[in-house]
Amino acid sequence: MEAKIIGDSLPVVTIKLKRGESIISENGGMSWMDSGIKMETSTNGGIMKGLGRALAGESIFMNQYTAEIDDVEIAFASSFPGEILEYDLKEGEFVIAQKRSFLCAEKSVDVSMHFRKKIGAGFFGGEGFIMQKFTGPGKVYLELDGTVVKKELAAGEKMKVDNGYVALMTSEVKLDIETVKGVKNIVFGGEGLFVTTLEGPGTVWLQSMPISKLSGLLYMGNAAR
């Protein structure tokens, strides 16, 4: 399998398959493909697993595309201005991502929901109770919003992030919330009552324009008219 990410603000990933190789995506994720590729739709693990993915913002059913001949190409385009990130997962390795970030993956990658156990982080952390979990082996392609910034956190190192800006993190990173200190900061600071805290070790990918942020700005703009 050979993949190439093309484009800047509205990228697309093109994947060239050999005979017998397969790629999976959510329903309706494919943008274009050559003839010689067979599509099959299933829950990819049973109805309960499909329902779990639906809670994480994806469709219950997934499509599997299998090459019937060599060197056929299939493409998956981003649905929002941003970046497509390729992550190569080792056997048993997993990463946690925001809802609706899944674009496509090798057939060997397990796509499931990740339930955040801390009530406070779920209610006020901006990412919600349910995120997405991708377990290897295999490559997964994620669509992230705006410009993506990668941060490496050392053991015990912390950073504070405004709600919604956490796009992806490795399994070791601890995510929690923290109350903004000071009445003036809360009332006049414009950052809200809570911020997300991340603690290393691990890697975090932050996004510059979450869809939730853009939706809020558009709503405010329309309301002001």
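**Entry 1: a strand pair**

I began with strands S5 and S6, which run antiparallel and are joined by 6 bridges. Strands here are DSSP runs (E, at least two residues), numbered from the N terminus.

I noted the ground rules next. This is a predicted model, so local features need pLDDT of at least 70 and side-chain atom pairs count only at pLDDT 80 or more, while totals for chains, interfaces and linings use all residues. Residues are numbered from 1 along each chain as its sequence is written, and side-chain values use heavy atoms, with hydrogens and water left out.

**Entry 2: the sheet around that pair**

Which sheet holds S5 and S6? I found an open sheet of 6 strands, in the order S5-S6-S3-S10-S13-S8, with antiparallel pairing. Two strands pair if DSSP finds at least two bridges between them. Strand S5 (37–42) and strand S8 (82–89) stand at the edges. Each has a single partner strand, so one side of each lacks a neighbour in the sheet.

**Entry 3: asparagine 63**

I stayed in strand S6 and picked asparagine 63. Is asparagine 63 buried or exposed? Its relative accessible area is 5%, so I wrote down buried. The cut-offs are these: buried is under 20% relative accessible area, exposed is over 50%, and partly exposed is in between (1.4 Å probe, protein chains only).

What does the side chain of asparagine 63 make a polar contact with? I found the side chain of tyrosine 65, at 3.3 Å. A polar contact is a pair of N or O atoms within 3.5 Å; within protein, one must be able to donate a hydrogen and the other to accept it, and residues adjacent in sequence count only if both atoms are side-chain atoms.

I then listed what asparagine 63 touches, not counting residues up to four places away in sequence. Contact means heavy atoms within 4.5 Å. Among the residues it touches are Ile23, Ile24, Met39 and Thr41.

**Entry 4: another sheet**

I found an open sheet of 6 strands with the order S11-S12-S9-S16-S19-S14 and antiparallel pairing. Which strands stand at the edges? They are strand S11 (110–115) and strand S14 (148–153). Each has a single partner strand, so one side of each is left without a neighbour in the sheet. The twist averages 25° from one strand to the next.

Inside this sheet I looked at strand S16 (residues 166–170) and S19, which run antiparallel with 3 bridges. Methionine 169 stands opposite valine 204 in S19.

I turned to the loops. Between strand S12 (130–135) and strand S13 (138–145) sits proline 137. The peptide bond from glycine 136 to proline 137 is cis, with omega near 20°. Proline 201 is in the loop between strand S18 (194–199) and strand S19 (202–207). The bond from glycine 200 to proline 201 is also cis, with omega near 15°.

Aspartate 71, not a glycine, has a positive phi of about 60°. Its loop runs between strand S6 (62–67) and strand S7 (72–77). Aspartate 71 has 42% relative accessibility, so I noted partly exposed. Arginine 100 also has a positive phi, near 60°. I located arginine 100 in the loop between strand S9 (94–97) and strand S10 (102–106). At 52% relative accessibility, arginine 100 counts as exposed.

Key:
Helix = DSSP H or I, 4+ residues; strand = E, 2+ residues; numbered from the N terminus. Axes fitted to C-alpha atoms, helices over the stretch in contact; angles between N-to-C directions.
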